[in-house]
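This briefing concerns the structure shown below. It is arranged by topic for computational use.

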Amino acid sequence: MSFIAEHISVLVVIVPLMAAPLCVIVRHGAVSWGWATLVCLANFGLSILLMQQVLANGTIVYDLGGWEGPWGIVYHIDEVGALVVLIVSAIAAIVMPYAKESIEREIPKERHYLAYCMMLLCIAGLIGMAVTGDAFNLFVFLEVSSLATYVLIALGNDRRALTAALRYLILGTVGATFYVIGLGMIYMMTGSLNMTDLASLLPAVQNTGTVHVALAFIVVGFGLKLALFPLHVWLPNAYTFAPSAVTAFLAATATKVAVYALIRLIFTVFGDIDPLETYGVRAAVMVLAIAGMFAGSLIAIYQSNVKRLLAYSSVAQVGYMILGISIGNAPAMAGGIIHMFNHALMKGALFMALGCVFYVIGSVKLEDMAGLGKRMPLTAAAIVAGGFSLIGVPLTVGFISKFYLVEGALAAGMWPVALLIMLSSLLAVIYVWRVVEVMYFRSPAIGCETRTEAPMSLLVPTYILLGAAFWFGIDATFTGDVAMSAAQTLLGGSK
Amino acid sequence: MIEYEFPGLLNYWIVFLLMMIGLYIVIGHENLIKKIVGLNVFQVSVFVFYISMAKIKGGTAPILADGIEVYSNPLPHVLILTAIVVGVATTALGLALVVRVQESFGTIEDDEVREQEEQDG
């Protein structure tokens with residue numbers, strides 16, 4: 001037990017990483033699924049232990065192989081890092097049991113084991129991004145998770161999944177390479193790759209053109225990965241055509257981890273410089289975030305494919321997270337961080353509910369979902385409940401994040417921003433209402449009036465996630481405390 | 001007064017050129033294989049960038065021996081070894097996807113693929 005406690009920071013990465021090749025060796029769908037589920041549950045347990053350790057003892061710095069930083073690679077896990085690890089492993093532990101039936105319906109049998117292998121690799125990469133304290137290591141994990149993601153998207157049964165994956169591959173690689181360019185320039189100026197070390201070395205060279213350009217490359221690179229408007233073009237198709245279980249997992253985790261990585265880079269690595277203020281880009285980032293909130297929601301209103309509708313809504317939700325970061329006081333920052341967690345819960349649940357819809361009626365087009373309230377009452381109710389959370393109705397998690405964001409905006413004296421947050425929520429009302437209206441106030445097409453609910457193995461995980469979305473909406477003390485203290489630490493570095 | 005001598009910043013000019021050529025191919029060409037190759041050229045420019053910055057004039061390999069005082073930094077080379085592996089994986093996956101696109105769309109020209117996608121609704 002003490003062995004686990006001592007090496008837990010690296011175990012959360014290694015366990016899924018080492019488990020993945022086994023799926024390829026056994027080449028059997030059901031066995032791979034059982035194995036992957038077991039690994040995900042174990043990893044969830046580990047990440048809870050990790051969270052407890054971080055809450056009890058503060059930030060963990062783990063030297064890989066006993067080589068101390070800045071020479072060796074270190075893992076550096078603070079409260080937000082532990083929270084992100086918890087998000088990824090919790091979503092994985094919920095999506096995996098769900099994945100079996102969903103993937104059996106949507107992917108040819110001979111490729112099942114590949115899907116589970118890639119899911120495990122993706123989890124390892126995403127968790128690695130959250131725990132690493134080495135800037136180049138971040139790139140490696142970014143690529144591990146991205147490559148797995150491209151494969152997962154390409155597994156979708158529509159032929160457009162292939163082009164979606166290919167376009168994401170091209171943009172994702174450009175983004176990751178931009179990050180490497182920026183990192184190379186920083187390395188030229190400082191001679192270090194360790195994030196903590198960089199933070200102390202960078203202020204001395206902060207006024208050089210090289211560092212300015214480096215920061216620009218890094219922010220644009222990660223902007224591509226986290227789908228910051230207008231760099232979001234890869235996202236809608238990728239989410240729409242990926243298999244349902246994959247979409248649920250990716251929508252709930254991938255962009256959040258990228259947001260967290262960007263937070264780390266801006267507020268830890270560049271923290272002592274306070275780049276948003278020093279380089280006068282706060283307004284620019286804020287405008288992009290707000291533009292994303294509105295553009296994403298507006299485009300979502302006009303979608304006829306519900307999966308694509310939610311994908312555009314994700315672009316808008318990423319806008320909220322970036323907005324929280326850009327306002328720059330503790331409540332807003334906490335709002336951004338909390339929204340990473342909350343959005344993972346609600347978007348995960350919504351995409352899982354859509355997976356149920358696809359399982360039963362074989363389509364997620366709006367017109368095919370007519371009368372769904374009668375045909376699949378439980379699934380339709382889940383979509384409505386998730387939709388409430390997207391809008392930000394009180395007692396849902398969406399309300400908590402928006403509450404913090406508005407509080408932060410008002411505390412910073414930016415009441416127009418607070419107003420815009422409310423306005424964009426109204427847009428969410430419209431796109432959620434469109435789905436609700438079709439599901440409950442239109443009669444089902446002739447010949448499909450019978451009640452056919454999705455199997456329990458799909459519904460139960462969906463409802464667990466949805467339950468969590470309400471639980472943390474009613475009692476936000478855990479997420480609120482973690483996010484608030486994390487926000488204060490992050491901003492403390494920049495003051 | 002800075003003295004410029006050969007090769008001076010030549011490496012960085014090459015990096016810059018390769019980077020722009022690569023990005024242009026990714027954006028400007030419709031052929032998907034050319035896009036992937038352009039992506040590769042773009043990545044290679046970054047490899048050259050890292051390798052160039054580690055080289056010091058007159059520096060030798062970092063071996064402990066008498067009479068050697070100027071070393072080139074080996075770390076960027078090692079980093080790029082990792083990046084090359086990533087690049088190979090990306091290219092392989094990209095090309096594999098192009099093969100599948102050819103199988104299911106019957107073309108690898110991006111504009112024609114787009115037309116067919118719109119017909120899919």
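Predicted model: local features only at pLDDT ≥ 70, side-chain atom pairs only at ≥ 80, totals over all residues.

Surface and burial
- Chain A exposes about 16,400 Å², of which carbon and sulfur atoms supply 69%.
- Of the 495 residues in chain A, 65% are buried.

Fold and dimensions
- Chain A contains 20 helices and 2 strands.
- The radius of gyration of chain A is 21 Å, close to the 23 Å given by the globule rule for 495 residues, and chain A is therefore as compact as a globular protein of that length.
- Along the principal axes, the C-alpha atoms of chain A fill a box of roughly 70 × 55 × 40 Å.
- Among the contacts in chain A with a separation of 6 or more, 79% join residues 24 or more positions apart.

Nonpolar core
- The largest nonpolar core comprises 232 residues, and the residues with the most contacts inside this core are Phe222(A), Phe249(A), Met369(A) and Tyr50(B).
- Helix 14 of chain A, spanning residues 330–361, gives the most to this core, with 21 residues.
- Leaving aside residues up to four places away in sequence, Tyr50(B) touches Phe136(A), Val180(A), Leu183(A) and Gly184(A) in chain A, and Pro76(B), Leu79(B) and Ile80(B) in chain B.

Notes: Residues numbered from 1 in each chain as written. Chains lettered and ligands numbered in written order. Heavy atoms only, no water. Helix = DSSP H or I, 4+ residues; strand = E, 2+ residues; numbered from the N terminus. Rg over C-alpha atoms; globule rule 2.2 N^0.38 Å. Buried < 20%, exposed > 50% of the residue type's maximum accessible area, 1.4 Å probe, protein only. Contact = heavy atoms within 4.5 Å. Areas by Shrake-Rupley, 256 points an atom, 1.4 Å probe, with all protein chains shown as cover. Core = buried A, V, L, I, M, F, W, Y, C linked by side-chain atoms within 4.5 Å.
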